Amino acid sequence: MTISSSLNAGVSGLNVNASKLATISDNIANSGTFGYKRSETDFSALVRTSGRGTFTAGGTSVTSFRDVEAKGALITTENATDLSISGRGMLPVTSAEDIGSTAQLPLMLTSTGGFERDADGLLKTPSGLVLMGWPANADGTITEQPRDTVAGLEPVRVSASQLGSEPTTRIEMGINLPADATLAGETPDVLSAELEYFGNLGTSEFLTAEFTPVIPADGRSNAWVLEISDTATPTANNPIARFDIVFDDERDSGGFLTSVTPAANAIGTESFSTETGLITVAVGGGVMELNVGNGDGSSLLTQFADGFAQSGINKNGAPVGQLSAIEVDSSGHLKAVYNTGFSRTLYQIPIADVPNLNGLTALDNQAFALSSTSGSLYLWDAGDGPTGSIVGFSREESTTDLAAELTELIQTQRAYSSNAKIIQTVDEMLQETTNIKR
């Protein structure tokens, strides 16, 4: 009966508009929620077969979903571990409640988070989402990890009392040797320079570089013997290296290195690269590189008619320091920054992506879970593939547009009232039919 179908269509109209009102209410309520993805409602007509000259109303159905692919604006914050993504992808997180209670932590995804260290050093949001990442090796490198599984991910944990140091691996030897010291008749005085470096345990060690001029029978030799000793090496094994050094005295390149070669009575482990200008020696904690230059006009070790001077001694490394801050760079490397001026990579935070972001299952606290419609997970390096880079000091705002939601609210209210009017009209028509029978 067409009157009954009209009544059913009106009832379905009330139901679907009530569902749309619920999504609008949720969007408006979360207009200030960081990382919130607005819900959308689509209506679909239901068509029933009608006879010739008649029409049967089928009504409408409703489908609701979250537009996870939509991106909110990024706003700047004052916390280095407030993280967002400038582009496609999600941050891997897990629930703080499940840490320690299960071996396989549940994977959840979120587009932004205000992460802070808790009492156990875990980086988590106030709502209990813990950031996940791949742990770095002691030297800051990341071991290759599987990309299609979460097996390598661990909760990010940074102890507030963490200490660290960075061993010295290279020293820049900016030293000038007096040219007149290699003149015939001069006394072969040994010139000594102490080069401090930091050992593997953060200890302060010293290399002693002793330069002995080669005195010719006449003229100027421009040649020196360099011996290197190390405080971290047992006394019986010092010196650790011995080189013959010759400087140029030509017009275009006078004062710069001509050659650096292990001496005839060299220790046996030292070497020099003409391409890089690096002297390599074995100190107590490992291999040390001393940059003296390669004689192409950029020599750090020079011989000019001036006094013996250390004009530029620089080194890498740092002594033992206390953790002062943590930060995440655009490629997802979470680094500990120490008060002695160096940083070390502790974790790499990958960016998770699935073929259908809108197919993810919405959870509490702006988190999402994989589903059969989202597709398979893949973990990308931040900024690689289809994913964006990680942005610290930022939060992603809600994707709710208040003006648009209020407009839809008015439209939904009118649509609801119109469907209610249909039911009222059908009721009056049925009442009139009943009156005819009387």
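Modeller: One term before we start: two strands pair if DSSP finds at least two bridges between them. Note too that this is a predicted model.

Colleague: With that term in hand, how many bridges join β13 to strand β22?
Modeller: β22 covers residues 301-304. The two strands run parallel. In one of the pairs, N176 stands opposite T302 in β22. Pairing needs at least two bridges, and the count joining β13 to β22 is four.

Colleague: In which sense do β13 and strand β23 pair, parallel or antiparallel?
Modeller: β23 spans residues 309-315. Six bridges link β13 with β23. I175 stands opposite Q310 there. The sense of the pairing is antiparallel.

Colleague: Which residue of β21 is the bridge partner of I171?
Modeller: β21 takes in residues 286-291. It pairs with β13 in the parallel sense, over three bridges. The partner of I171 in β21 is L290.

Colleague: How many residues of strand β13 are buried?
Modeller: β13 runs over residues 170-178, nine in total. The cut-off for buried is under 20% relative accessible area. β13 is mostly covered. The number of its residues that are buried is seven.

Colleague: Now the whole protein. What is its radius of gyration, and why is it more spread out than a compact globule?
Modeller: The protein has two helices and 32 strands. For 438 residues the globule rule gives 22 Å, and the protein is well over that, so it is more spread out than a compact globule. Its C-alpha atoms fill a box of roughly 145 × 50 × 35 Å along the principal axes. The radius of gyration is 37 Å.

Colleague: What share of the contacts with a separation of 6 or more comes from residues 24 or more positions apart?
Modeller: A contact here means heavy atoms within 4.5 Å. The share for residues 24 or more positions apart is 62%.

Colleague: How far apart do the centres of the positive and negative side chains lie?
Modeller: The protein carries 24 positive side chains and 52 negative ones.

Colleague: Is T412 buried or exposed?
Modeller: T412 sits in helix α2, residues 402-437. Beyond four places in sequence, it touches N17, K20, L21 and I24. Its relative accessible area is 4%, and the cut-off is under 20%, so T412 is buried.

Notes: Residues are numbered from 1 along each chain as its sequence is written. This is a predicted model: local features need pLDDT of at least 70, side-chain atom pairs count only at pLDDT 80 or more; totals for chains, interfaces and linings use all residues. Side-chain values use heavy atoms; hydrogens and water are left out. The radius of gyration is taken over C-alpha atoms; the globule rule is 2.2 Å times the number of residues to the power 0.38. Lys and Arg count as positive and Asp and Glu as negative; His and the chain ends are not counted. The place of a charge is taken as NZ of Lys, CZ of Arg, CG of Asp or CD of Glu. Buried means under 20% relative accessible area, exposed over 50%, partly exposed in between (1.4 Å probe, protein chains only).
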